[in-house]
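Try each one before you read its solution.

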Amino acid sequence: MGDLGGGALAVSLVQTAATMPVFLLVLPAGALGDVLDRRRLLIASQAIMFLASASLAVLTVAGVTTVGLLLALAALMGTGTALAMPTFAAIQPELVAREELPSAALLNGANLNVARALGPALGGLLIGAAGPEATFALNALAVVGVVSALVAWERPPDDRPLGSEPIADAIVAGARYVRSTPAFATILARTLMFVVFASALWALLPVVARGPLDLEAGGYGVLLAAVGAGAVAGAFAIPALRARLGTNGLVGAASVAYGAGLLVVGAVDALAPVVAALALCGFAWIATMSSLSAGAQVILPNWARARALAFTNLIFMGGLAFGSVLWGAVAEGWSLRTAFAVAAAGLVAGPLAGSRRLPLGAVGDVRPARHWPEPNVEWEVDPSDGPVLVIVEWPIPPESADAFLAAMVPVRRARRRTGATMWGIFRDLEQPDLFVETFVVDSWHEHLRQHLERHTVADEEADRAAVRFLAEGDVPRIRHLVWAERRERRLRRPGR
């Protein structure tokens, strides 16, 4: 972009073009990752990225690449990334045991962030040695290697007793899951707080290389290699630091360290201290992002993993896209030094001001569990019938009422996570020992998914905790009611 005559804002728009498609498409992509075969979806995403990379190589050889074409092809590559990101993250628990997920998340985060740093660094060196045409062509060939690995992966078939969900319904179910899981919302908030300010480095480092440091493509590669070296060092050192500081302490310290690195990058015009500061930023970046990724991985069940992780990608890429424009505009409107100083202040202020603790170490078992009894149905129900009202009668001794209501809080969250659009708990005025739980699900098919696909071991434990407060010998009485008027209209249509 610099060679095409773009200024600071145009250079930062390359980052926006690559990340904005992810921001716009990652939610449906996450839903696709849960309702389609994940291996095939990943192969399709890589095919899109190959097309974009190969086109960029051909157009550059022909000498017809323009600012608009460069941004358009970056956006096409971002489209492939959008399809791949949540699904690549979702398959991780399919490859390692649950107790290995934190370590796997660290390794995966190290891989991604080292690639993010060393890939552009290698690209800078190749541009200096062989020109952009050969570099873009090699990038296209690299995608072939990823496709080969996916083709060779023998993935077991998905267990979907009720078949695949419609995409729109899957997106809604994912949003409902995120809204009803406070622990996951905390991870999203911490991710946004970090990424918006940290994006200043990725957006403006090319401007630093071309401006204050007066470097060519090879020198820019050296800067990115410094970030990668810091990330590699972090992959080895972070487990010990996490054991000493705890996850929350590590994330807070890493945010402050990243801010300090930004101050040096923006204020110093000498190469050596900038390289050292970039290594510190790489270390801090991997410490923060791997911790947040591990937190997300361990609290998400398989049925919602890709679509929920899509919200993480949405926050991450949206923060990068917004931050890139923000810091590019600040650098162009005021100065490069001002942009880095403000971003650094935001990173340092977050931990100092205090923030919600990450919910690691306090999550339930998200393995699937089918502990609900099959509903008793005396007449044929169409899967689309609904909404469905579920009524659960709980005979609870009055002396246990307060403890029972406290035990129903995780039950409420479980009902909402798995499909309930409304939930309530009522006490009978005539029978003080009778509590009535009600919740509404959009359709009979959606309620069957609660029974067969969505409940976890943690949800089962929440139900059992509430059952312990029942009077001795009593069991909950469960009733299922389907919206009658809507069904009558549906049955009358064929006779018209």
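Buried means under 20% relative accessible area, exposed over 50%, and partly exposed in between (1.4 Å probe, protein chains only). Helices (H or I, at least four residues) are DSSP runs, numbered from the N terminus. This is a predicted model, in which local features need pLDDT of at least 70 and side-chain atom pairs count only at pLDDT 80 or more, while totals for chains, interfaces and linings use all residues. Residues are numbered from 1 along each chain as its sequence is written, and side-chain values use heavy atoms, leaving out hydrogens and water.

**Exercise 1.** Work out how many residues of α11 are buried.

*Solution.* Start with the stretch: α11 covers residues 305-333, which is 29 residues. Next, count the covered ones: 22 of the 29 are buried.

**Exercise 2.** Describe how α9 and α10 cross.

*Solution.* First, find helix α9 at residues 217-267 and helix α10 at residues 271-299. Their axes (lines fitted to C-alpha atoms over the stretch in contact, with angles from 0 to 180 degrees between N-to-C directions) come within 5 Å and cross at roughly 40°. Therefore α9 is oblique to α10, since angles under 35 degrees count as roughly parallel, over 145 as roughly antiparallel, 65 to 115 as roughly perpendicular and the rest as oblique.

**Exercise 3.** Decide whether Thr191 is buried or exposed, and list its contacts.

*Solution.* Begin by locating Thr191 in helix α8. Thr191 has 2% relative accessibility, so it counts as buried. Finally, look for contacts (heavy atoms within 4.5 Å): setting aside neighbours within four places in sequence, Thr191 touches Met289, Leu292 and Ile315.

Conventions. Helix = DSSP H or I, 4+ residues; strand = E, 2+ residues; numbered from the N terminus. Expected span 1.5 Å × (residues − 1).
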